[in-house]
Each structure stands twice: as structure tokens, then as C-alpha cells.
Amino acid sequence: MSAPRSDRLTRWAITVPPTLFLLVFFLSPALIVVLAAFQYPGEFGGLAPLVNPAGGNQHGREYGLTLENARFFFSDFLFTEIFLRSFVVAAESTLICLLMAYPVAWLIAKSPKQHRDLLILLVILPFASNFLIRVYAWMIILGPQAALARMVNGVLGALGLEPVSLLFSPFAVLVGMVYVHLPFMILPLYTNLEKHDPVLLDAAQDLGANAWQRFWRVTWPLSLPGVFSGSALVFIPVLGMFAIPDILGGTRDMLIGNLIKDQFLGVRDWPFGATLSIVLTLCVLALAGFAAWAGRARRAHA
Amino acid sequence: MHRVACAVRTILRRAHGAHYLLLLLSLPLHAADTLYLYNWNNYISEATLARFETQCQCKVVQDYYSDNEEMLAKLAAGASGYDLIVPTGNAVEALLRSNQLRPLEKARLKNLHNIKPEFLSAFFDPGNRYSMPYAYTVTLLGYNVEKLRALNLPTDTWALIFEPRYLEKLKGRVTVLDSQRELMAAAMRYLGYSVNDSDEVKWNRARDLILRAKPYWAAFNASSYIKELTVGNIWLAHGYSNDMFQAQRDAEKAGRPFHIGYSIPKEGAVLALDSMVLHKTGRHPELALRFIDFMLEGNNSAELTNLIGSGNPNREAMRHIAPEIAGNPAVFPATEGMKHLEMLRDLDRKSRRVLNRLWTEIKLR
Amino acid sequence: MRKLPVWLKLAAAATFAFLYVPLVVVVVYSFNDSRLNAEWVGFTLDWYRVLFADEAMLHAARNSLTIALVASLCATFLGTLAGLAIHRYHPRWLPLLVITPVAMPEILLGVSLLVFFIQVLHLTLGLVSIVLAHITFSIGFVAIVVRVRLVGMDESIFEAARDLGASPWQTFRLVTFPLILPAVVAGFLMSFTLSIDDFVITFFTAGVGVSTLPLQIYSMIKIAVTPEVNAVSTLLMLLTLLLVVAASRMDKGFMKGRA
């Protein structure tokens, strides 16, 4: 039996460094944010102080804590609507990413070792260039005078339908979102698929399962942790994105990321921005919690 | 301490280049005489900067912002060290009221008298105790001259972006600024109200006007409309005068079969006067003051106008400005035209919230 | 190795094509003889010349690479530890602590870190503040990927090693680490990518006069995203290519040396 002392040391050595780092560099700032959601906006920006430095209540100005921001959020279904819409877009992006990433992850996982490294490199490489320039490239590709748009509208015209604009549309936003987040789906899926034991599939084949059954009954369930992680790594960032709707979006493509950005960089309403962000974070954590619970329930079942 | 330990540990684990990385981790030392300038993108000519650097035997380091709000947000969060900033009027108002500016030692500004009197003592800084005018732009409409002529459309009215009878011909070829204040201001002027009127009833009318026109617009665009106009994807854009100047030049250089024109709508428009101010946390106010005086000289001020086509509040500069720019009524409006231009004032926080909700509605419906 | 069905290879190829079309546009347009990034005019090497004369851009690129390297190394280290800890010891709060920076909107993280650095730590902003910020949001990504790898792994291997008398460090070095290596490398690559491309958080935590590539490029948006940006992107990709190739060589050597 191994000495319990070295066990405790190991446990300490592994758990403490990340915990400490995050407590300092994440939790403290996060607490500032939570506090901010309950403060008044500063008259000219930032946050109003918690205590009135001059003492007493100056007219028109408030200090201290308040629920006004939460009230403002619920005062109009508008804000909830933006949340819902963003969740839909995020779900769509995640689904499309999953469909596109799975074959690639599988291919990489089942390739011989030398090829595997090369393929992973090929996945990562586009993302070493700059995010903005890639989005701008899509502006070129989807532009009304470019080949793709002309082809599509040519076909539509032949069918007697109205021409559509590929750029400045929800379609363009979706393309942008999927494009930017694809590797975050491919990589976790790959790390999971790579450790699947081929023996299982051989056994299934010997038992008479066809290709679809082998996939659905063996590969898919085993890959679920990878699917969930990849989905999380796509779904969550998509929710917070504002650059893609800004550049590729049309006139109705405002997402929650844009709204939050506006609070900090447009309206100087930090408390409301903090409120929106907290609601967003809570929703995401709730979803993640639900996914984790579902995962555990299924494992207990299996 | 911890992060140094973690860095060292991982570096040693992967070998190679430990010394290089540790060297790079060390903080850069500030040069003895460096001016930290926080300015708009492309709002000063490289030649001007170089000349100042030679004259003062110092270095100028620039950081950029593309929107007043961006700059205000960073300063509100506590960013410090900028010596000189170039905010627009309403932002100067906000900075002043939150006590972030250093007063100017006017006695040291030898070239003060160069400024045209109509640009002195603006609403945000009576007596110019904290700010000196730098340049101005007007928010207006830029368009593809040939296309609009072919469609028989007027070029000098906001109706172009708000009236369905005009918009029908321009469907999907129009962009408007992605700015709450600017778009609302255009709508308010079109409806005959002041851009600074914060009456909710009037704002609701402006919102309805915008929502009615929105289906015809391609996008809310604050950054790439210059390119879209020049390439010909967009035929009409709501934007800033200096951007339209750029689009005009780009189209010519690219040898396009069309020209870009721009004009101030007759109903009136927003004038943005940008001023130089000293930030409280700057460490070289001396240098900053010298820079202000330097930019108040006619030829230095003119360089910006010649570069980007911005309006110039400097009398002395007019001699050095290219005649086609000096004679452009969209850049240098005549006295009559000036009467229709308004400067945006800062809003109080309650109005900002009301506007915010309105804007969300505009974007969502 | 069983043979892979044709349709699978086609689907994967199509996705790769999707990934690379914009890339091809970026690279090709870096040779475009036009100030605008809009349509092809003619071939020129001018933009590369402009790039190498552009002090500000080169400085920003150097900053970006330095930050990305340091931040992703630290984040990979801390994230791997976190992934291991979560999987093995199920600490109560660590999962939440790790995933929330990922779940939180970047803008919020950026603003709160800025306020924290300045008003609580009284830290002078500079490269260090950016590195710290980048590590904070990258840890979560690495931890998730490493944990995914560990889940479902046969625990008996570790017990066997211990029964054979290996110390925890030896177990880690000779058994655990090689098994989780693909995840660690994937995590590193993801952190590197996130860091080099990060705009929002860097925007808030960059010090006065410190610029990174995304900040520099963003500042050019209004005027025009000239092909100079395409040129720097092309070179960045080339550099990453060389870096990854070098890293994989180094890794193999490292593994061989230790075994």
C-alpha cells in the first residue's frame, strides 16, 4: 500500500495551484461584477460609488445597492427575447459544428500516427491567422458581387424567385459562427474518439451489427463526453460573440453578446451589463449542470 | 510569485529558450520623454508626428479608439497614463464632469489665436479652460453618384434613408451607422426636432420612423461602409464626412466606373468637434501642452485635413489646405449651412437607459 | 486499422475545404494590388514590404507571440492539473471555478479584470496583465479537454503502477502523462490559438502603449483592412506551422529520452 502522506501531498500539489490562481484572478474580479449588478450606474460612466462621499443623498443621484437593474431587465420582454434568440442561434451553430466536426474527428482518430499530427495541424492552422481577417474573408466570399452569390441568385432567378443577399443576413452570421468555432468541436471529439478500443467495434461486427448499428450502439455513446465538451466549447462562446453579428449581420441580427457589449462600450450602463452577464452566466451554468447530471444518470444507467 | 514559478516550471519541463522567455517577461521601461497619445484611428498624419518628434526630441506612442464610448469605458475602468486624448464634445463633457481633465496653461499656448472664433467656447468648455479644438467632422450621407442619378433620387435629404418611396429603389443597398446617438439624431433632425431633445414621445416617433425604414436597409455598419461603397456593394451610406472623403479617393484610385459623392442633408446634421485635452493621469503634461501648441500651428493642422478630409477649425491652416477640400461645402459648410449643424450633448444616465431600451427594440424588431 | 468508408472521407474533406476556403482567400489577397480587401486586381509583393517597414505592426506581432506562448504554457500546466484534480478527487468548487471563466462573456471578464488589476492590485498594466488575463480564460479549455480524455480511462493501470512500487511522481510521468498527452497538446494548441486571437479581454487589460496583433488590426478596420493584414496573417500561419512541427519533434525526443 502506498503511504497516505505522499498521497495527500500529491493531492495537494495537483489541486492547489489552479485553485489558487483562479481564486485570485477570477473569483475576485467576478465578485466585483456581481456587486456591480446591484449598484447604480455612474452619472458619467462606470459605477456609482457605494457610499456617497459627500454624505447624505444628493438630489437625482443615488448611491449604494439597488435592485433597479434587475427590475429593468424584467421590465420588458425585449431582453428575454434577445436571450432566447441567442440561445437558438447558439444551438444551431453547435448542431452544425457537431455534424461537420464528427467525420473529421473520426478521420483523425482512426488515421495512422504520423498522419494524425499533420491533420491536427491542418485543423489548427487557420486559427493562427487573425480572427478579424477570416471574418473579412467571408465578407468577400459572400459579397453580392462575388461568384457564390451570383451563382445562387442565378439559380433563384431561373426558378422565378427573388434574389437573396448572402451577406448581412442570419445565414452569414451562422456561417461565421460555425467557421470560427469548428476546431473547438473537433479537438475534444478527437481526444475522445482516439481512445476508443477498436476491439469493441470488431466484437460488434462479429455479433452481426451493421455499420449504422455499430456507430449508434457503440461509438456514439462512448463519444458522448467528447460531444458534450465540444458542444460546451462552441455553445458558450457563440453566446458571447459580438464581432460576427456586427460585421456579417443584417439589421435584425442583434445577439446577447452585442447587447452586453453595448452596455460597456456604448451606453456606459455597467450595472445593466453586469446584470445581463450574470443572467447569461447563470443560464449557461444551469445548462452545464443539467448536461452533467444527464451524463451521470446515463452512466449509472449503462 | 506563483506565476513566475509556474512559468519557470513549465519552461524547464519543455527545455529550450528559458532565458529568452524570462527576458521577455520583464516589463519594458518607459522612455524618459514619451508622449502617450490616445487618439482616433487614422486621425493624425505620420509626417506630423515625425516632425513633432524631431522638434521635441521625444517619442510619441499612440493608442487608438474608434468610438468615444470605447475610450470613456477604458478610462472609467481606471486605465491611466495617457497624456493627451482627442474626445468629441459630448465626451469632453463627460470627462470634465467626472473630473478627469487637467486645466490648460493657456499662457503657454502661443498659437491659440489661430482658432476660428466660432469654434471657441463650445458648450462643453466655455472659455476653453480644458480643451483646444483639433478637427471636426459632419455625419452625413455618402452615395454612388451615378447610381442615384440613374434612379432619379435626390442627394441632400435624410428622406433618402427614411422614406420607403426612395428606399424601394435602394433596397438592400443602404447602410446606416451602428450608433444609437447618431441614427436617432438623423431621425430627429428629419422629423424637425433637435438632436439633443430627450423627450420620450419624440424618441418614440423617431423609433417608429426607423423601424419603418429598417426592412430596406442592408445593415447597421460603423466600420466597413467605406469599403462597401467603394466596391459598389452599397449605393448609399450614413457615415462621417472624412470617411466619405476616403471612399471618394479610393474609388478614384481603383478606377471605378462610378464616383462617390457626399453632402450634408438640408434638414440638418450632427457636427462632431474633436478637441485635445490633457488627462489627469498623464505623466508628461509639459510635453502634451507642447503638442497642443504644435497642432495649433497652421501647417500642422492642415496636414490632417489634407490627409483625411476632416473639417479644420484653424484659420491659419486654411492657406495650406488643398483647394478642392477647402471649397467642399460638405467639409467646410458656409455660414448658412453651419446653422443647421448641431453638436451632440451627453445624456444623463436615466436617458441613456431609456435610449438603450429603444435601441434594443430597434435592433430586434 | 479498419478501412474508413468513402463517404466519411468525403465528408471530412468537405469540412476541410470549408475551413480552408477563407484561408486561401486571405493568403491570395495578401498579394493583391489593391488597398481594399474586396476583389482581385493584380499581383504584388508590396504589402509584405509595407509589413516589414511597419514598426507598430511588427511590435504588436512580437507581443502577441510572446503573450500567447507564455500564457498557453502556464494555462496548459494549470489546466492539466485542474483536469486531473477534478477527475480524481472531485473537489467541490474547482469545477465551477474552472468553467465559469469560459461561461462568462469575455467582455465582462475583461472589464472586471481591468478594474481588479488597477483598483485592487495596483498593478501597472503591460504585457504581464495581458498574460495573466489570458491564462485565466484558457485554463478552463485545457481542463475540459484533459478531463474528457481521463473519463472512461481504465483506472486499473494507475493502481497497477502503484502496486509495482511507483511513486506518485513516477506514476504521473511514466503512465498518466503519456496517456493524457494528446489532450494536453490539444489543450495547448487551443490556448495558443485563443491567446493569439483574443481581442476583447486584451482590449481591456492592455497597458498604455502595449498593442497586440488583434488590437492593431482592429484599429485599422475603419480605414481599410489593407492586404498588409493578410500578409501578417499569412506569416503568422507559417510561423505557427514551424512552431508546431518543432514542438512535435521536441516532444518525440522528450518521450524517447525518458522512456
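I began with burial: a residue counts as buried if 20 or more other C-beta atoms lie within 10 Å of its own, as exposed if 12 or fewer do, and as partly exposed in between, with the C-beta atoms placed from the backbone.

I noted that this is a predicted model, in which local features need pLDDT of at least 70, side-chain atom pairs count only at pLDDT 80 or more, and totals for chains, interfaces and linings use all residues. I also noted that residues are numbered from 1 along each chain as its sequence is written, while chains are lettered from A and ligands numbered from 1 in the order in which they are written.

Entry on A:L67. I found A:L67 in the loop between α1 (4–36) and α2 (68–74) of chain A, where helices (H or I, at least four residues) and strands (E, at least two) are DSSP runs, numbered from the N terminus. I then looked up A:L47, which is 20 residues away from A:L67 along the chain, and the C-alpha atoms of the two are separated by 14 Å.

Entry on chain A. I read twelve helices and zero strands in chain A. I looked up the radius of gyration (taken over C-alpha atoms, with a globule rule of 2.2 Å times the number of residues to the power 0.38), and chain A has 25 Å, whereas a compact globule of 302 residues would have a value near 19 Å. The C-alpha trace of chain A spans about 80 × 80 × 35 Å along its principal axes, and buried residues make up 47% of its 302 residues.

Entry on chains A and C. Two residues are in contact if their C-beta atoms, placed from the backbone, lie within 7 Å. I found that the contact takes 80 residues from chain C and 72 residues from chain A. On the side of chain C that touches chain A, α1(C) gives the most, with 13 residues.

Entry on α9 of chain B. After α9(B) comes B:G192, whose phi is positive, near 95°.
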